[in-house]
Amino acid sequence: MPTQNFATLDDVQTKDKRVFLRVDINVPLDPSTHSILDDTRIRAISETLGRLEDAKVVLGSHQSRPGKDDFTSLEPHARALAEYCNQEVKFVDDVIGPQARQRIAKAEPGQILVLDNLRFCAEENIDDKPEKLLKTHFVKQLSPLFDLNVNDAFATAHRSQPSIVGLTDALPSVAGRLMEKELKAISTLLQEPHRPCVYVLGGAKVEDKIPVIDHILTRNKADKILLGGVPAKIFLKASGKKLSSRDEQEMATLGLHIETAKAIMKKFSEKIETPTDLAYEESGGQRTDRNIDAAQLKDSALDIGVRTLERYSAMIKSASTVVSNGPLGVFERSGFDLGTKAILESMTLCNGYTIIGGGHLVGLASILGIESNFSHVSTAGGAMLSLLSGQSLPGVDALIRAAERMKKTKDNSL
Ligand code: 3PG
Ligand code: MG
């Protein structure tokens, strides 16, 4: 992976420069009060902010997507940011309008001006080709106001949107510290991970996990893939197991993924580990574990069973690299967090390189207070999985183009 092909904050002067800083502080919010439930992504940009103390920083991020309950203003984020950095933080409830442009023009060094939710601009919600993004109103309004663009939004680098790709193509642009750190951590996994290397994949989405399993195994970068959540059900089905009637109904809609899983199993069955027992909720609300070869209950399985978590935990503890993304079950429901908690705790007991990603897993690690016990906690979900499935990230590709442009023009003013 081309971590060395883009420029970083070590390559530029920032004193008194007007800097657009794209971050991803899209965080879980309380649905009714909109107070911040997990500030991991806000704390993660502090090193970049510290490096930019001499610059006039204008910070942009999105929060959620249009139509969702947590699609709101960035004002609470600005308040939270003020607690973590030494600079004065000011908020403007505008993105590209006259108010925002005037405030950007008057920005002062040592201050951070936080723009409102970038996705309040319709153009920021559409993925498009770089040449189209350059022509957006968003890029045309903002780019003339800045000397430098810093992209620290690793968790959004898989989106080809105006603030991620358009501004990077329009301005001298470098990667922020978090972007550098994340790319370095994940590139280790794609190069020569220490063996044995174990992946633990769960969650509700399969479309972004199956390509990872395929890519990592085809390139021989993992020794075991331990499955939970919906990916486990897909592979159990692919190997001919019978699930609960509710799970069978769900699997009936995922036929293509089951076919892909069968093809993966044909080549790599000895590397794929599926649960030997699953946990269900009994009518009284109690947890009950069922062996996979016994009759299953009617409703969906909500966690991996205890025998499975013991088997997985042993493999995790003795591995030299462990990568985990997605919870192993519906951990929000009382009694069904056993599998996910056990996986996280076993990772903290592993002496190898450990990395977790995805909002749910990272949020749980933070609630358990064990975040600092992992080698790397990624702020990304989808972007991490895109990289691990062999895709390039549009945000990183744009940074590489920017470095080539900056080299050609030998722009020494930066
Ligand atoms: C995320 O949390 O997945 C990132 O902030 C990107 O957001 P998106 O998936 O809505 O583009
Ligand atoms: Mg996402």
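His34 is partly exposed, with 25% relative accessible area. The residue sits in the loop between β1 and α1. Its phi is positive, about 60 degrees, although His34 is not a glycine. All of this comes from a predicted model.

**Backbone exceptions**

Asn220 also has a positive phi, near 50 degrees, and is a residue other than glycine. Asn220 lies in the loop between α9 and β8 (224–227). Its relative accessibility is 42%, so Asn220 counts as partly exposed.

A cis peptide bond runs from Arg195 to Pro196. Omega there is near -5 degrees. Pro196 belongs to the loop between α8 (177–190) and β7 (197–201).

Arg41 is part of helix α1 (residues 40–43). Is this arginine buried or exposed? Arg41 counts as buried, because its relative accessibility is 18% and the cut-off for buried is under 20%.

The side chain of Arg41 has two polar partners to look at here. One is the side chain of Asp24, in a polar contact at 3.1 Å. The other is the backbone oxygen of Asn26, which the Arg41 side chain reaches at 2.7 Å. Setting aside neighbours within four places in sequence, Arg41 is in contact with Asp24, Ile25, Asn26, Val27, Ala155, Thr379 and Ala380.

**Thr379**

Thr379 is located in the loop between β15 (376–377) and α16 (382–388). With 11% relative accessibility, Thr379 counts as buried.

Which side chain makes a polar contact with the side chain of Thr379? It is Glu182, at 2.6 Å. Beyond neighbours within four places in sequence, the contacts of Thr379 are Arg41, Ala44, Ala155, Leu178 and Glu182. Thr379 and Leu74 are 305 residues apart in sequence, with their C-alpha atoms 18 Å apart in space.

**Ile216**

Ile216 lies in helix α9 (residues 210–218). Ile216 is buried, at 0% relative accessible area. Leaving out neighbours within four places in sequence, Ile216 is in contact with Leu190, Tyr199, Lys221, Ala222 and Leu388. Ile216 and Pro109 are 107 residues apart in sequence, and 45 Å separates them in space, C-alpha to C-alpha.

**Aromatic pairs**

How many aromatic pairs does a search of the whole structure find? The search finds 2. A pair of aromatic rings is described by the distance of the centres and the angle of the planes.

| Pair | Centre to centre | Angle between planes | Geometry |
|---|---|---|---|
| Phe20 and Phe146 | 5.5 Å | 70 degrees | edge-to-face |
| Phe71 and Phe120 | 5.3 Å | 90 degrees | edge-to-face |

Phe20 lies in strand β1 (residues 18–22), and Phe146 lies in the loop between α6 (137–142) and β5 (148–151). The pair therefore ties together parts that are 126 residues apart in sequence. Phe20 and Phe146 are both buried.

Phe71 and Phe120 form an edge-to-face pair too. This pair links distant parts of the chain, 49 residues apart. Phe71 is in the loop between β2 (56–60) and α3 (75–84). Phe120 is in the loop between β4 (111–114) and α5 (130–134). Phe120 is partly exposed, with a relative accessible area of 41%.

**Helices α7 and α17**

Helix α7 covers residues 162–170, and helix α17 covers residues 394–409. Their axes come within 9 Å and cross at roughly 5 degrees. How do α7 and α17 run relative to each other? They are roughly parallel, because angles under 35 degrees count as roughly parallel.

On the α7 side, the contact is made by Ile164, Val165, Thr168, Asp169 and Ala170. On the α17 side, it is made by Pro394, Gly395, Ala398, Leu399, Arg401, Ala402 and Arg405. By class, the contact of α7 with α17 has 7 nonpolar, 2 polar and 3 charged residues.

Technical notes. Residues are numbered from 1 along each chain as its sequence is written. Chains are lettered from A and ligands numbered from 1 in the order in which they are written. This is a predicted model: local features need pLDDT of at least 70, side-chain atom pairs count only at pLDDT 80 or more; totals for chains, interfaces and linings use all residues. Side-chain values use heavy atoms; hydrogens and water are left out. Axes are lines fitted to C-alpha atoms, for helices over the stretch in contact, and angles run from 0 to 180 degrees between N-to-C directions. Helices (H or I, at least four residues) and strands (E, at least two) are DSSP runs, numbered from the N terminus. Angles under 35 degrees count as roughly parallel, over 145 as roughly antiparallel, 65 to 115 as roughly perpendicular and the rest as oblique. Contact means heavy atoms within 4.5 Å. Ala, Val, Leu, Ile, Met, Phe, Trp, Tyr, Cys and Pro count as nonpolar, Asp, Glu, Lys and Arg as charged, and the others, Gly among them, as polar. Rings of Phe, Tyr and Trp (its six-membered ring) pair if their centres lie within 6.5 Å; planes under 30 degrees apart count as stacked, over 60 as edge-to-face and the rest as tilted. Buried means under 20% relative accessible area, exposed over 50%, partly exposed in between (1.4 Å probe, protein chains only). A polar contact is a pair of N or O atoms within 3.5 Å; within protein, one must be able to donate a hydrogen and the other to accept it, and residues adjacent in sequence count only if both atoms are side-chain atoms.
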